[in-house]
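Please examine the sequence and the three-dimensional structure shown here.

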Amino acid sequence: MVIQLRNKRSADKPIKLFDEIEVTYDSNRWSFLKKLRNKAEEIIKALHESELEAMVHGSVARGDVDAYSDIDIIIPYVVPSHKVESALTFKNFIIYSKKMTQATPNHAIKAHLYLDPLEKTSVTFPLIPFKDLELEFYKFGGLASLKELSNNIRVAGCTKKLTFIEPTLNGHKEFSIIGRENEVAKRLNITIDTVIERIRVLTRRDKIGRTGVFLDKKLKSDESFEHALKELMDNNPAIRRVCFSRLNK
């Protein structure tokens, strides 16, 4: 069957597919996927030239893109923010906005650089080290390296609808991960705890809606992430605790 583009609300809603279905992409979808992956590859190459390892995650890595898909680049380790910004601007990327987020007081604080006015293309990196479980969240959604982008290789991963996506020559196969948690964990080489946690979070979000994040701070164009983080640590005990606990390990 040929997949139809859906609105963002329905696309993110968890569903349960009792049977595996196969989705065939039409020429428009292949063309759009190529466009997004080419841009992701260009950004990651710019970062690699400054010795920054990065990957693309989500639908661009898996291939199941739609009109609402974002380009999400992740650097999975702490790095000086000026080095990331310099690597991008040197290759003529424009940083339209900067933001710091933290999902809960126990999660890592992340920096986000947005490379378009609508914030659909971003480079994300942690300001304090990720926990293993947090790193696996990205593997859960699918991670593609520069080599995989260059060789047109798509990867398996899970969507916010809690469906498992397995790329095929003509598109992809998909099935609900509910009831198949162990299989999904093995196929993605992640822990079952990660799969269960993602199901819990995304199912809860579907029931009660988005509840916001603990920290969502927009930065000025000339403001450094490190300076903004120090100010937060000075004024917020919860942020200070999580920073000290991770940085002192």
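The paragraphs that follow go from the chain as a whole to its sheet, its aromatic pairs and its salt bridges.

The model is a predicted one: local features need pLDDT of at least 70 and side-chain atom pairs count only at pLDDT 80 or more, while totals for chains, interfaces and linings use all residues. Residues are numbered from 1 along each chain as its sequence is written, and side-chain values use heavy atoms, with hydrogens and water left out.

The protein chain contains ten helices and eleven strands; these are DSSP runs numbered from the N terminus, helices being H or I with at least four residues and strands E with at least two. Of its 249 residues, 45% are buried, where buried means under 20% relative accessible area, exposed means over 50%, and partly exposed lies in between (1.4 Å probe, protein chains only). The chain exposes about 13,300 Å², and carbon and sulfur atoms supply 52% of that area; accessible areas come from the Shrake-Rupley method with a 1.4 Å probe, and for residues only the protein chains shown count as cover. Among contacts with a separation of 6 or more, 63% are accounted for by residues 24 or more positions apart, a contact being heavy atoms within 4.5 Å.

The sheet comes next. Seven strands form an open sheet with mixed pairing, in the order β7-β2-β3-β6-β5-β4-β11; two strands pair if DSSP finds at least two bridges between them. At the edges stand β7 (143-144) and β11, and each has a single partner strand, so one side of each is left without a neighbour in the sheet. Strands β4 and β11 run antiparallel and are joined by five bridges. Q102 has L215 in β11 as its bridge partner.

Which residues does E85 touch beyond its neighbours within four places in sequence? They are I95, K98, L113 and F225. E85 itself belongs to helix α4, which covers residues 81-90. Its relative accessibility is 16%, so E85 counts as buried.

A pair of aromatic rings is described by the distance of the centres and the angle of the planes. Rings of Phe, Tyr and Trp (its six-membered ring) pair if their centres lie within 6.5 Å; planes under 30 degrees apart count as stacked, over 60 as edge-to-face and the rest as tilted. The whole structure holds four aromatic pairs. In one of them, the ring centres of F125 and F225 are 5.9 Å apart and the planes stand at 80°, so this pair is edge-to-face. Because F125 lies in strand β6 (residues 121-126) and F225 in helix α9 (residues 225-235), the pair ties together parts that are 100 residues apart in sequence. F125 is buried at a relative accessible area of 0%, and F225 is buried at 0% relative accessibility.

A further aromatic pair, F164 with F175, is stacked, at 5.1 Å centre to centre and 20° between the planes. F164 is in strand β9 (residues 163-167) and F175 in strand β10 (residues 171-176), eleven residues apart. Both F164 and F175 are buried. R180 lies over the face of F175, 3.6 Å from the ring centre; a charge sits over a ring if NZ of Lys or CZ of Arg is within 6 Å of the ring centre and within 35 degrees of the ring normal. R198 lies over the face of F137, at 4.8 Å from the ring centre.

The structure also holds 14 salt bridges, each a side-chain nitrogen of Lys or Arg within 4 Å of a carboxyl oxygen of Asp or Glu. One of them joins E49 and K91, whose closest N and O atoms are 3.0 Å apart. E49 lies in the loop between α2 (27-48) and β2 (55-57) and K91 in the loop between α4 and β4 (97-102), so this pair ties together parts 42 residues apart in sequence. E49 is exposed at 54% relative accessibility, whereas K91 is partly exposed at 34%.

Another salt bridge joins the side chains of K218 and E119 (3.6 Å, N to O). K218 lies in strand β11 (residues 215-219) and E119 in the loop between β5 and β6, so the pair ties together parts that are 99 residues apart in sequence. K218 is exposed, at 54%, and E119 is partly exposed, at 24%. Salt bridges that share partners join K99, E119, D216 and K218 into one network.
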